[in-house]
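Got your viewer open and your selection tool handy? Load the model below, and we'll walk through it stop by stop.

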Amino acid sequence: MPAQRFAAFLRAVNVGGHNKTPMVELRALFEKLGYADVATYVQSGNVAFTAKAAPDPMKLEAAFAKQFGFASTMIVRTRAQLATLAHPFLADEPDHAKIHVVFLAGDPTKQIKPSPPDRHVVVGREIFVHYRDGAGKTKLKLDAGVPGTARNWRSVLSVLALLDAV
């Protein structure tokens, strides 16, 4: 298999002063694990990298926990998977900070209850969300029964651009 680009989205790092993860150390960890062209985007744990084979998220999580002293779920997607995401609420909401994608570690096992005015759609291992008044004011509970991590659409596009920069 030829080398390809991947993104890893870490859950709950650098949130409210907890689970501190310096991006320079995170990049070094990925390089130590043998990945190339490693880059990060903002402080919330978005890593772009090149690999010859699909990475095992559980091995990434174990190496991360050993180095940083706490666990973080890592959701891995290929560049192609990210490029084919079609956010169903994009046409309705020009503010990319109000539309999010929740990347799930596996297939959802629970139904998410609607909570108007916010909207969501589950497609495969992603939950597409529109927070009409912003994520900070929502009552929507995004418990799909499997671990996941959310990024706003602006961040998703920025990680995709990072993947394409190499």
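What follows is a tour from sheet to cores to strands and rings.

Before you click, know that this is a predicted model: local features need pLDDT of at least 70, side-chain atom pairs count only at pLDDT 80 or more, and totals for chains, interfaces and linings use all residues. Residues are numbered from 1 along each chain as its sequence is written, and side-chain values use heavy atoms, with hydrogens and water left out.

**Stop 1: a four-stranded sheet**

Switch to cartoon view. Helices (H or I, at least four residues) and strands (E, at least two) are DSSP runs, numbered from the N terminus. Look for an open sheet of 4 strands in the order S2-S3-S1-S4, with antiparallel pairing; two strands pair if DSSP finds at least two bridges between them. At the edges sit strand S2 (36-41) and S4, each pairing on one side only. On average, neighbouring strands here are turned by 20 degrees against each other, direction ignored.

Now select S1 and S3: they run antiparallel and are joined by 6 bridges. Arg 5 stands opposite Thr 50 in S3.

**Stop 2: the cores**

Show side chains for Leu 10, Leu 26, Phe 30, Val 47, Phe 49 and Phe 64. These have the most contacts inside the largest nonpolar core, which has 20 residues. Such a core is a set of buried Ala, Val, Leu, Ile, Met, Phe, Trp, Tyr and Cys residues joined through side-chain atoms within 4.5 Å. Buried means under 20% relative accessible area, exposed over 50%, partly exposed in between (1.4 Å probe, protein chains only). Elements giving two or more residues to this core include strand S1 (4-10), helix H1 (23-32) and helix H2 (57-68). A second, separate core of 16 residues includes Ala 48, Phe 89, Phe 128 and Trp 153.

**Stop 3: Thr 149**

Go to strand S8 (residues 148-152) and pick Thr 149. Is Thr 149 buried or exposed? Thr 149 counts as buried, because its relative accessibility is 6%. Leaving out residues up to four places away in sequence, Thr 149 touches several residues, among them Phe 9, Leu 10 and Phe 103; contact here means heavy atoms within 4.5 Å.

**Stop 4: strand S7**

Which residues of S7 are on each side? Glu 126, Phe 128 and His 130 are on one side, Ile 127 and Val 129 on the other, and all are buried. Since 5 of the 5 residues of strand S7 (residues 126-130) are buried, S7 is largely enclosed by the rest of the structure.

Strand S5 (residues 99-104) runs antiparallel to S7, with 5 bridges joining them, and Val 101 stands opposite Phe 128. Strand S6 (residues 119-123) is also antiparallel to S7, again with 5 bridges. Zoom in on the hairpin of S6 and S7: there are 2 residues between the strands, and Gly 124 takes a positive phi near 60 degrees.

**Stop 5: aromatic rings**

Finish with Phe 9 and Phe 103. Their ring centres are 4.3 Å apart and their planes at 5 degrees, so the pair is stacked. Rings of Phe, Tyr and Trp (its six-membered ring) pair if their centres lie within 6.5 Å; planes under 30 degrees apart count as stacked, over 60 as edge-to-face and the rest as tilted. Phe 9 in strand S1 and Phe 103 in strand S5 are 94 residues apart.

Terms used
Axes fitted to C-alpha atoms, helices over the stretch in contact; angles between N-to-C directions.
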